[in-house]
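User: I'd like to learn how to read a fold from its coordinates, one feature after another. Can you walk me through it?

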Amino acid sequence: MNDPEPVIAPAAPNYRAAQYLTSAAKLPQCPPDTGWEVAFAGRSNAGKSSAINSLTQNKKLAKTSKTPGRTQLINFFELSAKQRLVDLPGYGFAKVPLAVKQEWTKQLENYLQKRQSLRGLILLMDVRHPLQPFDRQMLDWALSASMPVHILLTKADKLKRGPASATLLQVRSHLQPHSELASAQLFSALKHDGHEELIAVLNAWLTDTSILEADEIE
Ligand SMILES: Nc1nc2c(ncn2[C@@H]2O[C@H](COP(=O)(O)OP(=O)(O)OP(=O)(O)O)[C@@H](O)[C@H]2O)c(=O)[nH]1
Ligand SMILES: [Mg+2]
């Protein structure tokens, strides 16, 4: 038997170098499914696009809006030739017509179930009302698919430190039975708080070679 090929992990990305790559309404329009990808998911208005802009220190990268439902496409941002961040359409926005909502849900499910390069899910929830029914559904889906999930409790600047910490503890205790796959932190795009913790998680996922075959890596 030959020795296995050495597996070379990609370097941790420079998030400030993120560039818009493409948008997709359906899975076949997504960029080639190779390398390492992390998706930002969550209810409409949770702060997904704002978190990506805060992380990359680029206010214009992902479109943000006071009008929920702004991000209707799957938006891809390139960090390096093999590493991407993905801004997913928000779920749970009541004012979108049912047929449109059903189409988004279908495309979202399709992406989450079929995307091989997806290494982990950043699940965003407003710290003032975490773990809503759709959030729980998303979390349960990820855990049942053995997909790592990191919860960002966003808009932490809207709460005082005490109540924010109490919510974090509550969410962490909900995740406790799945501690090998799921974690949580406070985050504020407005104050740029929580970057270090988020970057540690993203770096680990975007450089993880454990589930790759040696021949998948150059
Ligand atoms: N105070 C505060 N407001 C925030 C924060 N993050 C986002 N917001 C505001 O929340 C609103 C929604 O933010 P977006 O980033 O567009 O939310 P989204 O999750 O991308 O929404 P969709 O694209 O509709 O799914 C905007 O008005 C943001 O300015 C934060 O950390 N603190
Ligand atoms: Mg958005």
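User: What covers the buried residues of α1?

Analyst: Helices (H or I, at least four residues) and strands (E, at least two) are DSSP runs, numbered from the N terminus. Buried means under 20% relative accessible area, exposed over 50%, and partly exposed in between, with a 1.4 Å probe and protein chains only. Contact means heavy atoms within 4.5 Å. In this case, the cover over the buried residues of α1 includes β2, β3, β4 (83-87), β5, β6 and α5 (195-206). The helix is mostly covered, with 8 of its 9 residues buried; among them are Lys 48, Ser 49, Asn 53 and Leu 55. After α1 comes Gln 57, whose phi is positive, near 55°.

User: And what should I know about the model before going on?

Analyst: This is a predicted model, where local features need pLDDT of at least 70 and side-chain atom pairs count only at pLDDT 80 or more, while totals for chains, interfaces and linings use all residues. Residues are numbered from 1 along each chain as its sequence is written, chains are lettered from A and ligands numbered from 1 in the order in which they are written, and side-chain values use heavy atoms, with hydrogens and water left out.

User: Which residue joins its side chain to Ser 49 by a polar contact?

Analyst: A polar contact is a pair of N or O atoms within 3.5 Å; within protein, one must be able to donate a hydrogen and the other to accept it, and residues adjacent in sequence count only if both atoms are side-chain atoms. Here the partner is Asp 87, with 2.6 Å between the two side chains. Ser 49 sits in helix α1 (residues 48-56) and is buried, at a relative accessible area of 7%.

User: Let's zoom out. How many helices and strands are there?

Analyst: You'll find 5 helices and 7 strands, which run along the sequence as β-β-α-β-β-α-β-α-β-α-β-α. Of the 218 residues, 45% are buried. For contacts with a separation of 6 or more, 74% are between residues 24 or more positions apart.

User: How do I read a core?

Analyst: The general idea is that in soluble globular proteins, nonpolar side chains tend to be buried together. A nonpolar core is a set of buried Ala, Val, Leu, Ile, Met, Phe, Trp, Tyr and Cys residues joined through side-chain atoms within 4.5 Å. The largest one here has 34 residues, and Leu 88, Tyr 111, Leu 112, Leu 121, Leu 123 and Ile 151 touch the most other members. Elements giving two or more residues to this core include β2 (36-42), β3 (74-80), α2 (98-114) and α4 (161-175). The largest share, 5 residues, comes from α3. Another core, of 23 residues, lies apart from it, and Ala 46, Leu 124, Phe 187 and Leu 206 are among its members.

User: Which residues of α3 are buried?

Analyst: Asp 135, Met 138, Leu 139, Trp 141, Ala 142 and Leu 143. They pack against β2, α2, β5, β6, α4 and β7. You can check the helix's length too: the expected span is 1.5 Å times one less than the number of residues. With 12 residues, α3 should span 16 Å, and its end C-alpha atoms are 16 Å apart, which agrees.
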